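Please keep the sequence and the coordinates at hand while reading.

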Amino acid sequence: TGKAGYYAKYRRGYPAAVFDTIISRFGLLPSSGILDLGCGTGNVAIPLAERGFRVHAVDPEPEMLAEGRRRGAALPTGRITWQAGSDTTITGLGLPRLRLCTMGLSFHWMDRGAVLLALDALIEPGGGIACLSRNDSFFSHLDNGWGGAVKDVLSEMLGDTWDYSGRLSRTDEDRHEKIFLTSPFPVIEEHSFQVREELTVDDIIGLQLSTSYTSPVLLHERHTEFCTRLTRRLLELEPSGKFSDESTVHLIIAKRR
């Protein structure tokens, strides 16, 4: 709650080559049933709809759905169906037979084994799952410029509570690939796409404010203090306020045997 505006403005999307790969590998047609589970504000659903597909976009957070509807307002009517729901309710949403389920930066929040079993009952033969992520959080930039600055400010302000998503305590057993290998969709292929771009101080701060580890529950009334501290630290690193950045988009495609 309270993240949708930041999410829509600052969460970066995925390059066109990612969607070209998904469409090709699943042989998608305009009639293909597509579910975007944990759709957020539409970073996966909207690009697919712009390519002519009809997408069922499902998310448990009303603010995310409202922002997604706003962002997708220019699309032809009916191209995206925005619907409240989650990994625990998908079998009761009245979804059609699916060719594909996409999950962009949402799979790690779910009971992954259970949701894959549920999807097995919904996805048609030959279909499967596309799981997208990109390592553009400060976790992936701790030794490279701005990531260390974000960690320092969070540690100073929040102590140990800043690791709200538990990412620092995860083990190799938590990797999505291992979950897929013991699921109904054990045939996986992986693709990586490099993204180079320039980030401003505003971009970096906005990205942090879209995440769980800077949630309103944690920052409380210290939101302005966080922004001020991080701005100062980033400008100390780079007085121009512009950071050349490189991140990797990771795509896992999972199918049945």
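In what order do the 7 strands of the open sheet lie? The order is β3-β2-β1-β4-β5-β7-β6, with mixed pairing.

## Basis of the values

This is a predicted model, in which local features need pLDDT of at least 70 and side-chain atom pairs count only at pLDDT 80 or more, while totals for chains, interfaces and linings use all residues. Residues are numbered from 1 along each chain as its sequence is written, and side-chain values use heavy atoms, with hydrogens and water left out.

Helices (H or I, at least four residues) and strands (E, at least two) are DSSP runs, numbered from the N terminus. Two strands pair if DSSP finds at least two bridges between them.

## The sheet

The 7 strands make an open sheet of mixed pairing. Its edge strands are β3 and β6 (187-200), each of which pairs on one side only. On average, neighbouring strands of this sheet are turned by 20° against each other, direction ignored. Helix α8 (residues 201-209) packs on the sheet and touches β6 and β7 (242-255); contact means heavy atoms within 4.5 Å. The direction of α8 makes about 135° with that of β6. Axes here are lines fitted to C-alpha atoms, for helices over the stretch in contact, and angles run from 0 to 180 degrees between N-to-C directions.

Strands β1 (residues 34-37) and β2 (residues 55-59) run parallel and are joined by 4 bridges. Asp36 has Ala57 in β2 as its bridge partner, and Leu35 stands opposite His56 in β2. Of the 5 residues of β2, 4 are buried, so this strand is largely enclosed by the rest of the structure. Buried means under 20% relative accessible area, exposed over 50%, and partly exposed in between (1.4 Å probe, protein chains only).

Ile34 belongs to strand β1 and is buried, at 0% relative accessibility. Leaving out residues up to four places away in sequence, Ile34 touches Leu28, Leu48, Phe53, Arg54, Val55, His56, Leu98 and Leu100. Ser137 is 103 residues from Ile34 in sequence and 27 Å from it in space, C-alpha to C-alpha.

## Helix α4

Which residues of helix α4 (residues 62-71) are buried? They are Met64, Leu65, Glu67 and Gly68. These residues cover an arc of only 165° around the axis, which puts them on the same side of α4; the arc is that of the directions from the helix axis to the C-beta atoms. Pro62 and Arg70, on the other side of α4, are exposed.

The cover over the buried residues of α4 includes α1 (4-10), α3, β2 and β3. At the start of the helix, a side-chain oxygen of Glu61 comes to within 3.1 Å of the backbone nitrogen of Glu63.

## Helix α10

Helix α10 (residues 223-237) has 15 residues and, at 1.5 Å a residue, should span 21 Å; its end C-alpha atoms are 21 Å apart, which agrees. The expected span is 1.5 Å times one less than the number of residues.

Phe226, Cys227, Leu230 and Leu234 are buried in α10. Seen down the helix axis, the buried residues of α10 fall within an arc of 95°, so they line one face. Thr224 and Glu236 are exposed on the other side of α10.

## Residues in loops

Asn43 is in the loop between β1 and α3 (45-50) and is buried, with a relative accessible area of 13%. Not counting residues up to four places away in sequence, Asn43 touches Arg11, Arg12, Gly13, Tyr14, Phe19 and Arg71. The side chains of Asn43 and Arg71 are joined by a polar contact of 3.0 Å, and a polar atom of the Asn43 side chain lies 3.4 Å from the backbone oxygen of Arg11. A polar contact is a pair of N or O atoms within 3.5 Å; within protein, one must be able to donate a hydrogen and the other to accept it, and residues adjacent in sequence count only if both atoms are side-chain atoms.

Asp87 is in the loop between β3 (80-84) and β4 (98-104) and counts as buried at 18% relative accessibility. The side chain of Asp87 reaches the backbone nitrogen of Asp111 at 3.3 Å. Leu105, in the loop between β4 and α5 (112-120), is partly exposed at 28% relative accessibility. Phi of Leu105 is near 55°, a positive value in a residue other than glycine. Most residues other than glycine have a negative phi.
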